[in-house]
Amino acid sequence: MSWSRQRAEARIRKFDETAPVIQIQRYEEDYLPSYELRRIEARRLGLGDAADAPPLFDLPDGAAILVDTVQVYVRALNYDEVRLQDGLETEESHARGLAFLHLLYSAGDRVVEQVGGQRVDHHGARMHAVVTEPRGDASAIERVEAAIALAEDMMALAEAAGREFLSELGLRPRFRVGIDIGRCVAINSGRRDEREPMFVGPAANHAAKLAAGNREGIYLSDRVRALFDLARMKDIAEERTRPADTVELGRLRGNASGFRDGAALTQARLERWRSDVRDQVTASIGASAFSFHHHTPPLRTIDYDDLSPSRSIRMQLVSIFADLDRYTAYIDRCMATGQIEQAVRLLHILRSEFNAVLQDDFSCRKVRFIGDCIHGLAAEGTSRHTDTAASVTLAARCAGALRSSFKLCQQLIAGADELGLAIGFELGETPVSRIGIRGERAVRTASSLAVRASEEMQRDCGSEETKIGPKAYAQATPAVRRLFGPGHKVADLCYDDVETASNGPRVAAAVGGASASVLHAAPAIAAPARAYHDG
């Protein structure tokens, strides 16, 4: 398992040649008519699942749909109360945690499409959804009303289902919601059987930031407040500290509150859920439904279709997050200047290369793309045990290769030089499963303190930085620890640096390609020729 400049450059050029021709379509005027024709044809051919797919879920690779959205993030705040036992992760606590996520994901998906919305993804204890109906500028207020209904209905159903299916936890879920409104570009960011709708644009990023915090409530962007003539906020810091009060929420519910009986809807949905569990249409909810096994590395051989609550993985592994820095601002400029095709095409190429580095070069496993970020898993070892030091070295090599491939993309692909890449990784016992509503909407998940920490490591990085988590650092070889220094964070860490530190310059040159940085590398015992970043 290795990275080489020559192979990566050839691969990137191939991705550039084969990247889909991006067709920008307006949702209402261009896309929906063709979508309806495809549904009619699917029904004629007896393809039920294709006929019933949500409009923006399974987009063609080259499609980029301009659509007016309300972006909704719903995040459970007390997830750690479930997945920790006396402050620690155990097999039992991970089973409880996955059961809690299973409940949250099922509740979200049972609500979202009934209010004119669509689930984009689930990540940890957070659901991202969009509302696109009713269409048109004149219906913006109604879309926000639907978004409020979505959030409140999901929270109510999750609480009722918790009492029904997870009563032993004695836990009332607490939630924080972020909502913004704005035009986004909808694309598909997945492949084959791992289709992943994605909505890129400032509104999605802003709503996610509003949902980040530890205080309950529904947090509204200033754009939403302006639409309803509510008190305005001076900046996002103020937006994040002031949840909507009862009067403001009443105004946002608007006409919808006049004909909805939320309690009755929740009970009807819960009864349908009970029926689905009884008839085994959906998996039962409870910690006892989860059983774990160790997956023999390499992790690339994980087949998510084989996973379920009763066939889940739990093992020591390294979680890796690599996030495109400044992409939201970049696509905002492209939307303003009519260059959306370039921004979407660039994302296709970058994601293809990042996925290839993870899975082809190092036999790691992608979990999913989350916004403009890729989440992957790495491990070395046997059928019984993980070799933690080797796993951390593998993750460091993979992180360096991601940086090296990104630098090649910056040289070869238009627009890539406007972006940065922040990388974080951490080691820890992590369950991996496929949960939520059965079928194609079931969710691939890897959720642990290590996953959360690796995402935090990435967020703590600038555009050219990589950060190693404390547990990974403690288990790393001396060579890897020297790479990151006392602050656990380093700038411009490329593949050749890791190979040189671990194996010496000759091996790095042979494997990575004889670049200038390798030919003039310092001895393996030396620290890399860059400044450590204390963090």
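This is a guided tour of a predicted model, going from the whole chain to selected residues.

Residues are numbered from 1 along each chain as its sequence is written. The model is predicted, so local features need pLDDT of at least 70, side-chain atom pairs count only at pLDDT 80 or more, totals for chains, interfaces and linings use all residues, and side-chain values use heavy atoms, with hydrogens and water left out.

**Whole chain**

Start with the protein chain in cartoon view, where 20 helices and 15 strands can be found. Helices (H or I, at least four residues) and strands (E, at least two) are DSSP runs, numbered from the N terminus. Along the principal axes, the C-alpha atoms fill a box of roughly 75 × 55 × 55 Å.

Next, colour by accessibility: 57% of the 535 residues count as buried. Buried means under 20% relative accessible area, exposed over 50%, and partly exposed in between (1.4 Å probe, protein chains only). The accessible surface of the protein chain comes to about 21500 Å², and 48% of that surface belongs to carbon and sulfur atoms. These areas come from the Shrake-Rupley method with a 1.4 Å probe; for residues, only the protein chains shown count as cover.

Contact means heavy atoms within 4.5 Å. Among contacts between residues at least 6 apart in sequence, 72% join residues at least 24 apart.

**Helix 15**

Select residues 449–459, which form helix 15. Which residues of helix 15 are buried? They are A450, V451, A453, S454, E455, M457 and Q458. Now show what covers these buried residues: the cover includes strand 3 (117–123), strand 9 (312–325) and strand 11 (373–378). It also includes strand 12 (420–435), strand 13 (443–446) and strand 14 (465–468). At the start of helix 15, zoom in on S448, where a side-chain oxygen reaches to within 3.3 Å of the backbone nitrogen of A450.

Move to strand 2 (residues 63–76) and pick V74. V74 has a relative accessible area of 1% and is therefore buried. Not counting residues up to four places away in sequence, V74 touches A125, R126, M127, A151, M154, M155, F175, R176 and V177. One of these, M127, is 53 residues from V74 along the chain, with the two C-alpha atoms separated by 5.2 Å.

Then select D180 in strand 5 (residues 175–188). Is D180 buried or exposed? D180 counts as buried because its relative accessibility is 0%. Its side chain makes a polar contact with the side chain of R223 (2.4 Å). A polar contact is a pair of N or O atoms within 3.5 Å; within protein, one must be able to donate a hydrogen and the other to accept it, and residues adjacent in sequence count only if both atoms are side-chain atoms. Beyond four places in sequence, the residues that D180 touches include T69, V70, Q71, P202, A203 and H206.

G201 lies in the loop between strand 6 (197–200) and helix 7 (202–211). At 6% relative accessibility, G201 counts as buried. Leaving aside neighbours within four places in sequence, G201 is in contact with C184, T328 and I331. To T296, which is 95 residues away in sequence, draw a C-alpha to C-alpha distance from G201: 39 Å.

In helix 13 (residues 340–361), select N355. At 8% relative accessibility, N355 counts as buried. The C-alpha atoms of N355 and F425 are 70 residues apart along the chain and separated by 16 Å.

**Backbone geometry**

Most residues other than glycine have a negative phi, and most peptide bonds are trans. The peptide bond from E133 to P134 is cis, with omega near -5 degrees; P134 lies in the loop between strand 4 (126–131) and helix 6 (140–165). The bond from P297 to P298 is also cis, with omega near 10 degrees, and P298 is in the loop between strand 8 (292–293) and strand 9.

End at two non-glycine residues with positive phi. H488 has a phi of about 65 degrees and is in the loop between helix 17 (478–484) and strand 15 (489–491). At 17% relative accessibility, H488 counts as buried. D492 has a phi of about 60 degrees and lies in the loop between strand 15 and helix 18 (495–503). At 30% relative accessibility, D492 counts as partly exposed.
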